[in-house]
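Here are my notes on this one, as numbered points. Have the model open while you read.

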Amino acid sequence: MGYALRSGHSLSTPSHALRPFTLSPRAIGEPEPNSDASLVNPLILRHQFSPSSNTRLGHVCGALDEHLRTIETALQVKIAHSHEKFKIDGNKTNATRALEILQALYERAAKPIPKEHVQLMLAGDSQMASADNVLLSSRRNEVRARTPTQALYLDNIAKHDITFGIGPAGTGKTYLAVASAVDALERNAVQRIILTRPAVEAGEKLGFLPGDLGQKVDPYLRPLYDALYELMGFDKVQKAFERSALEIAPLAFMRGRTLNNAFIILDEAQNTTPEQMKMFLTRIGFGAKAVVTGDVSQIDLPKGSPSGLVDGERVLRRVDGIAITHFTSKDVVRHPLVARIVDAYDKQRKAAG
């Protein structure tokens, strides 16, 4: 049975269809593929999941239809359902995308679906979020690229000695870099991991910080600890610190060192000066790999001070052996609102500039 299109732009799918949704040749009443009407006219898609399973349907919808509300908000569609029968109302592109996501969720709904997984599918290609796309080994067996840009980023890290990851918050720049480092350490490809970031206050004056040196710099390095604990587990991280396989230090402590057989990550690199960036990159020794991450829209340096990340990208973009990966709001893998927030600020910044 094929797809039937009737007046009012109502499109029904067969009950056995669980493959990614595709449209048949245009039927009477459907807008031309490239016409303005196809972008603004509402379309109603109807789909019946089969074989029917209350368990799967519950997992697809989420608690109190939480997953459906997430899809509605992200794609600007309306979803209604009665048992296994679903109706999606929205413009053609978004309604079709919503149905594709629902079908993919139903196929994986044998067990509960975390809300993070729904958000990741909305953020990127559903194929990237599939369980078969595991790229890195860690205590968690689900470290994978969520978007094509993330996949390119991981590939660049694997193939280059120095990789830059530049883009907005929430795109996985730091997390994937730390995951790559943990993977390399567990494969004995490197002997240690060194994580560093500049100790720059994010627009605030924190004043005197009590405690010893470690306690003073810990607040600046906490995001790196969080990623390590999630990827390795608390006990394993502590043991790695004890045997000097892990080191976390402010960027200022890198001066004068040569780092051999190490995986080094410079986080928040937008808050380095050009001199600090050059100092860091020239610490790289034999058998070492470095990843530099940052967001040029969140520079906390004093007004008028140039960013080492902006300068380094300009100077090094044509140097062999260095890869630069640019992320956009499409790669944000946090709450769907984060991508829209990033877009709004980017739009305002471009208008002001």
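1. Strands (E, at least two residues) and helices (H or I, at least four) are DSSP runs numbered from the N terminus. 

2. Before going on, a word on the ground rules. This is a predicted model: local features need pLDDT of at least 70, side-chain atom pairs count only at pLDDT 80 or more, and totals for chains, interfaces and linings use all residues. Residues are numbered from 1 along each chain as its sequence is written, and side-chain values use heavy atoms, with hydrogens and water left out.

3. Now the overall picture. The chain has 12 helices and 13 strands, and buried residues make up 46% of its 353 residues. Of the contacts in the chain with a separation of 6 or more, 68% are between residues 24 or more positions apart; contact means heavy atoms within 4.5 Å.

4. Back to β12 and its two faces. In a regular strand the side chains alternate between the two faces of the sheet. From β12, K289, V291 and T293 point one way, while A290, V292 and G294 point the other way, and all are buried.

5. Which sheet is this? An open sheet of six strands runs in the order β10-β9-β11-β12-β8-β13, with parallel pairing; two strands pair if DSSP finds at least two bridges between them. β10 (246-250) and β13 (322-326) stand at the edges with a single partner strand each, so one side of each lacks a neighbour in the sheet. From one strand to the next, the twist averages 15°.

6. β8 and β12 are parallel over five bridges, and F164 stands opposite V292 in β12. β11 and β12 also run parallel, joined by four bridges, with I264 opposite A290 in β12. Strand β9 (residues 192-197) pairs with β10 in the parallel sense over five bridges, and there I193 faces L246 in β10.

7. Two helices deserve a look against this sheet. Helix α7 (residues 173-186) lies across β8 (162-166), β9, β11 (262-266) and β12 (289-294), and runs at about 170° to β11. Axes are lines fitted to C-alpha atoms, for helices over the stretch in contact, and angles run from 0 to 180 degrees between N-to-C directions.

8. The other is helix α10 (residues 274-281), which makes a right-handed β-α-β unit with β11 and β12. Right-handed means that, with the strands pointing away from the viewer, the path from the first strand over the helix to the second runs clockwise. The buried residues of α10 are P274, M277, M279, F280 and L281, and their cover includes β8, β9, β11, β12 and α11 (308-316).

9. Rings of Phe, Tyr and Trp (its six-membered ring) pair if their centres lie within 6.5 Å; planes under 30 degrees apart count as stacked, over 60 as edge-to-face and the rest as tilted. Y225 and F241 have ring centres 6.0 Å apart and planes at 40°, so this pair is tilted. The pair links distant parts of the chain, with Y225 in helix α8 (residues 213-232) and F241 in helix α9 (residues 234-242), 16 residues apart. Y225 counts as buried at 12% relative accessibility, whereas F241 is partly exposed at 24%.

10. Y229 and F234 form another tilted pair, 5.2 Å centre to centre with 40° between the planes. Y229 is partly exposed at 21% relative accessibility. Y225, Y229, F234 and F241 form one aromatic cluster.

11. There is also a charge over a ring: R56 lies over the face of Y106, at 5.8 Å from the ring centre. The criterion is NZ of Lys or CZ of Arg within 6 Å of the ring centre and within 35 degrees of the ring normal.

12. Finally, some backbone spots to check. The peptide bond from S50 to P51 is cis, with omega near 0°, and P51 sits in the loop between β3 (42-48) and α2 (54-61). H83 is not a glycine but has a positive phi of about 60°; H83 is in the loop between β4 (78-82) and β5 (85-91) and is exposed at 58% relative accessibility. N188, also not a glycine, has a positive phi near 60°. N188 lies in the loop between α7 and β9 and is exposed, with a relative accessible area of 67%.

Definitions and conventions
Buried means under 20% relative accessible area, exposed over 50%, partly exposed in between (1.4 Å probe, protein chains only).
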